[in-house]
Amino acid sequence: MTRDMLRAKVHRITVTECDVAYEGSLTLDRDLMDACGMIPFERIDVYDVDNAGRFSTYLIEGPRGSGACCVNGAAARLVGVGHKVIIAAYAAVSEGDLAQHVPKIVLVDDANRITTVKSHEGAGVKVGA
């Protein structure tokens, strides 16, 4: 048996652009992708902190150091520029590997620059509330 576990997350990143005319996906700064181990074309879930919207899409590599978080295609109608979103990727982890499973969680500032990379979250810990 496997369990779907959080593998990587970028927490409360600011949407920098919404482009309905684009074919689809989410363009993300390559530095942020590297920090949490996400790769181009990987499936992600996106949670909008401002309107509670949720959707799945995939990643496209954005320029390093740009802070880019551009929601493309139809999903661009679900968020707005300036919204805070959470980008999450999951993995199927076997029961035998659960004890060693460690997610990568990336926290960013208001300019989408990395402030912290960690491997755990605690109940009651508030970030950017």
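Y58 is partly exposed, with a relative accessible area of 30% (buried means under 20%, exposed over 50% and partly exposed in between, using a 1.4 Å probe and protein chains only). This is a predicted model, in which local features need pLDDT of at least 70, side-chain atom pairs count only at pLDDT 80 or more, and totals for chains, interfaces and linings use all residues. Residues are numbered from 1 along each chain as its sequence is written, and side-chain values use heavy atoms, with hydrogens and water left out.

Y58 sits in strand β5 (helices, H or I of at least four residues, and strands, E of at least two, are DSSP runs numbered from the N terminus). Setting aside residues up to four places away in sequence, Y58 touches G24, S25, L26, F41, E42, R43 and I44 (contact means heavy atoms within 4.5 Å). Between the C-alpha atoms of Y58 and T14 there are 17 Å, with 44 residues separating the two along the chain.

T57 is also found in strand β5, but T57 counts as buried, at 14% relative accessibility. Its contacts beyond four places in sequence are S25, L26, E42, R43, I44 and V46. The T57 side chain also gets to the backbone nitrogen of S25, at 3.5 Å.

Then there's the largest nonpolar core, with 24 residues (such a core is a set of buried Ala, Val, Leu, Ile, Met, Phe, Trp, Tyr and Cys residues joined through side-chain atoms within 4.5 Å). Elements giving two or more residues to this core include β1 (2-14), β5 (54-62) and β7 (84-94), while α1 gives the most, with four residues.

Definitions and conventions:
A polar contact is a pair of N or O atoms within 3.5 Å; within protein, one must be able to donate a hydrogen and the other to accept it, and residues adjacent in sequence count only if both atoms are side-chain atoms.
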